[in-house]
Amino acid sequence: MEVTTKGMPYEAWKDNEYIEKLVKELQDSGVNVVVGSFDKLINWGRSNSIWPLTFATSCCGIEFVSLGAARYDMARFGWEVARASPRQADFMMVAGTIVHRMVPVFRRLYDQLAEPKYVIACGSCAISGGPFKKSYHVAMGIEDIVPVDVFIPGCPPRPEAMIYGIMQLSRKIKVEKFFGGVNRQEKQEEFLKAHPVAGVND
Amino acid sequence: MSNIREKISTVLPEAVIEDGEIMQVTVPDAKWHDFAKTLRDDRELSFDFLVTIVGMDWKENGMGCIYYFASTRHNSRISVKVMAGGDRERPLIHSIHDLWAIATVFEREVYDFFGIIFINNPDMRRLFLNIDWKGFPLRKDYDENPDINPVSIENERQTDFTDVWTETPDGKVEKHERRIFQPDDFVVNIGPQHPATHGVLRFRTAVDGEIIKKIDIYLGYIHRGVEKICEKDTYPQTLHFMDRLDYFSAHPYHHCLCMLIEEAAGIEISRRAQVIRVLMDELSRIASHCLFIGTYCMDLGATTMLFYTLRVREQILDIMERTCGARMTFNYDCIGGVMQDLHPDFVKDVHALLDVLPANIKEYNKIFTGNVIARNRMENVGVLTRKDAISWAVTGPNGRGSGWACDVRKCNPYSIYSELEFDEVVREECDSMARFKVRMDEMVQSARIIAQLIDNIPEGDYCVKVPKVLKLPVGHWFKTVEGCRGTFGIYLESDGGTMPYRLKIAPPCLPAAAVVDHITEGQKIADLITIGGSLDYIVPDIDR
């Protein structure tokens with residue numbers, strides 16, 4: 001099965017191995033034909049209108065503004081509805097450095113996103129600490145704090161790279177099992193089990 | 001200079017005066033507060049603008065602060081060095097918060113980084129780091145082991161109290177607790193995740209109905225410790241952090257550090273490189289003001305403006321991208337000149353920009369500036385008087401909107417600015433509208449500078465030869481430039497090695513954010529967005 005989005009030719013994607021792996025997982029798990037068809041329909045809708053959370057800490061956020069403006073125009077792809085409240089957003093683009101003081105706030109924002117939720121680590125700071133690797137007050141990559149779906153490298157990534165990254169996310173959404181899959185909170189529960197918060201009983 | 005010297009030696013005979021580009025006076029802490037009062041109030045001195053306070057740790061030689069002052073009347077500058085009393089466990093200096101309003105925040109910053117306690121400062125809390133942070137990061141013996149201060153997803157401890165250290169008549173220093181808000185205050189939390197705070201800034205706002213009583217500004221949500229990282233990098237490596245402070249002023253900030261290092265190392269750069277640097281500075285000023293106008297109008301509800309202003313900004317970014325190879329973090333200025341020569345189409349592209357700019361500015365004014373809603377929301381809102389602007393050290397377009405002619409390009413010209421013809425835009429209305437209009441007019445002046453230079457870019461090397469391993473002589477230097485948001489200063493101290501002993505960044509946005517409490521007092525909460533937007537602070541620049 002060739003998974004693509006926005007009419008982009010399958011061969012033009014740079015990394016198809018992971019999506020083929022996901023397709024294989026999906027096929028191996030096996031669902032009945034009715035549920036499978038509904039999954040496909042719902043995923044088609046979901047993947048074409050993913051709403052971002054307005055969240056930016058530094059430089060990458062300005063490129064995200066450019067992405068919203070007329071030249072790069074993310075409205076073409078159905079992502080332009082940037083929400084200020086996490087409860088109304090589908091994914092969070094972590095545009096910028098996450099520092100010690102921001103970590104609890106960031107984690108709370110993630111917890112407030114409605115399921116199913118996705119995280120894109122945008123820029124080298126969010127991926128690994130980037131240029132601030134030697135700092136005493138920077139979290140070295142957000143992967144230890146929340147699960148990440150897509151990484152967009154760059155410092156800051158160009159708006160084109162951001163478009164490619166969000167398209168990868170939308171491709172990923174297409175091959176998800178919705179019923180009994182992402183519409184359940186299992187993913188988050190698993191993650192919380194692996195990263196317990198002391199004193200908080202979820 | 002000589003009469004300042006005479007004056008100081010009559011006022012305080014024990015002061016040690018050291019000449020240089022900026023005179024440095026060493027004052028004992030016991031006499032410091034009285035001397036500071038003379039510095040500010042004496043007519044011949046009248047140093048009414050506190051540029052920055054540089055905290056220092058000279059290891060076994062003790063700790064202390066270097067204060068940089070400027071006089072708006074005489075256009076002179078001076079620095080004062082005060083050694084901290086007490087021991088390393090508890091270094092003490094007397095506060096000057098009652099003389100310069102901005103000192104309260106600057107002293108908090110020094111306390112946060114060095115643990116120097118300022119006696120009588122009404123708010124001796126940490127500024128950027130958590131209450132429970134262990135150690136003072138900019139001290140030379142700070143232990144950076146991540147296990148001591150781990151990343152935690154637990155909410156940090158918050159308190160409504162702050163410390164005040166006072167001195168009893170017999171010289172004993174005591175600590176007291178003071179409430180930040182009154183017990184019956186209703187405190188609303190705005191930020192750090194809020195679309196109108198322009199980044200991760202947090203205001204703890206005490207309100208009485210709709211009226212703001214007090215704002216406690218809570219910083220550090222993007223504090224990245226740039227000053228400490230710079231101490232671990234060689235001089236060419238420190239440059240690229242300047243891109244990531246105020247990412248709109250990447251070129252001017254780079255320019256500042258490059259000039260500083262070149263001055264210290266005695267490197268003379270070519271005329272061509274100077275012209276290219278100034279051209280880039282002014283292009284980024286236009287791009288920055290464009291984005292300001294777009295986002296500010298968006299804050300006020302006029303989303304359309306963002307699309308209009310970003311059109312010009314994208315055109316400028318294209319020009320820069322062709323020459324510098326990046327859209328935002330250019331890393332273009334380097335020690336000795338610039339990284340690469342100009343793109344062959346540079347002159348043509350800039351001419352195309354200059355052709356469309358006047359029509360665009362006219363269009364912005366037509367859409368927004370005269371609009372009755374915009375005028376009602378901006379005129380007489382957030383008034384900052386000239387006296388307060390100087391006391392709070394609010395420079396740049398914000399200061400000039402308050403009638404303070406503080407443009408570094410005019411009062412301490414650097415590079416080739418003294419040869420160029422342009423007007424300093426100053427407005428007397430002191431409100432949000434004035435700050436908005438100053439930026440609008442500055443775009444015209446920047447275009448004027450570019451027009452003078454673009455057809456006369458001299459031939460020559462774009463970069464001179466610089467030793468591969470760059471060592472600076474022992475000494476200290478301070479340089480300011482006009483960034484897109486105000487006076488940006490860097491203090492550099494070298495111990496003769498390949499890395500800075502101390503690199504202090506004095507950003508223009510910290511005073512701009514600190515003054516929000518003062519401006520908004522008694523205003524409506526809806527105006528907080530107007531006022532905050534008009535000050536145009538960039539949070540990574542505040543926090544560094």
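Residues are numbered from 1 along each chain as its sequence is written, and chains are lettered from A and ligands numbered from 1 in the order in which they are written. In this predicted model, local features need pLDDT of at least 70 and side-chain atom pairs count only at pLDDT 80 or more, while totals for chains, interfaces and linings use all residues.

User: Why does Ser95(B) count as buried?

Analyst: A residue is buried if 20 or more other C-beta atoms, placed from the backbone, lie within 10 Å of its own, exposed if 12 or fewer, and partly exposed in between. Ser95(B) has 22 C-beta neighbours inside 10 Å and therefore counts as buried. Its place is in the loop between β6 (92–94) and α3 (103–114) of chain B; helices (H or I, at least four residues) and strands (E, at least two) are DSSP runs, numbered from the N terminus.

User: Which residues is Ser95(B) in contact with, leaving aside its neighbours within four places in sequence?

Analyst: Contact requires C-beta atoms, placed from the backbone, within 7 Å. On that basis Ser95(B) is in contact with Ala103(B), Glu107(B), Phe118(B), Ile119(B), Asn120(B) and Asn121(B). The C-alpha atoms of Ser95(B) and Trp165(B) are separated by 9.9 Å, with the two residues 70 apart along the chain.

User: What makes Asn331(B) and Ala393(B) worth a remark on phi?

Analyst: Asn331(B) has phi near 55 degrees, a positive value in a residue other than glycine. Ala393(B) is not a glycine either, and its phi is positive at about 60 degrees. Asn331(B) lies in the loop between α8 (304–324) and β13 (333–334) of chain B, and Ala393(B) in the loop between α11 (386–391) and α12 (396–401) of chain B.

User: How do you know whether Asn331(B) is buried or partly exposed, and how is Ala393(B) classed?

Analyst: Asn331(B) has 18 C-beta neighbours inside 10 Å, so it counts as partly exposed. Ala393(B) has 29 C-beta neighbours inside 10 Å and therefore counts as buried.

User: Why are α14(B) and α17(B) called roughly parallel?

Analyst: Two packed helices are described by the angle between their axes and the distance between the axes. Axes are lines fitted to C-alpha atoms, for helices over the stretch in contact, and angles run from 0 to 180 degrees between N-to-C directions. Angles under 35 degrees count as roughly parallel, over 145 as roughly antiparallel, 65 to 115 as roughly perpendicular and the rest as oblique. Helix α14 (residues 432–454) and helix α17 (residues 526–535) of chain B pack at about 30 degrees, with their axes 9 Å apart; they are therefore roughly parallel to each other.

User: Which residues of α14(B) and α17(B) meet?

Analyst: Ser432(B), Arg435(B) and Phe436(B) in α14(B) meet Thr530(B), Ile531(B) and Ser534(B) in α17(B). By class, this contact has 2 nonpolar, 3 polar and 1 charged residues. Ala, Val, Leu, Ile, Met, Phe, Trp, Tyr, Cys and Pro count as nonpolar, Asp, Glu, Lys and Arg as charged, and the others, Gly among them, as polar.

User: What makes up the contact of chain A with chain B?

Analyst: The contact takes 36 residues from chain A and 35 residues from chain B. On the side of chain A that touches chain B, α4(A) gives the most, with 5 residues. The residues of that side divide into 22 nonpolar, 8 polar and 6 charged.

User: What is the peptide bond from Cys155(A) to Pro156(A), cis or trans?

Analyst: The bond is cis, with omega near -10 degrees. Pro156(A) lies in the loop between β4 (150–152) and α6 (159–174) of chain A.

Definitions and conventions
Contact = placed C-beta atoms within 7 Å.
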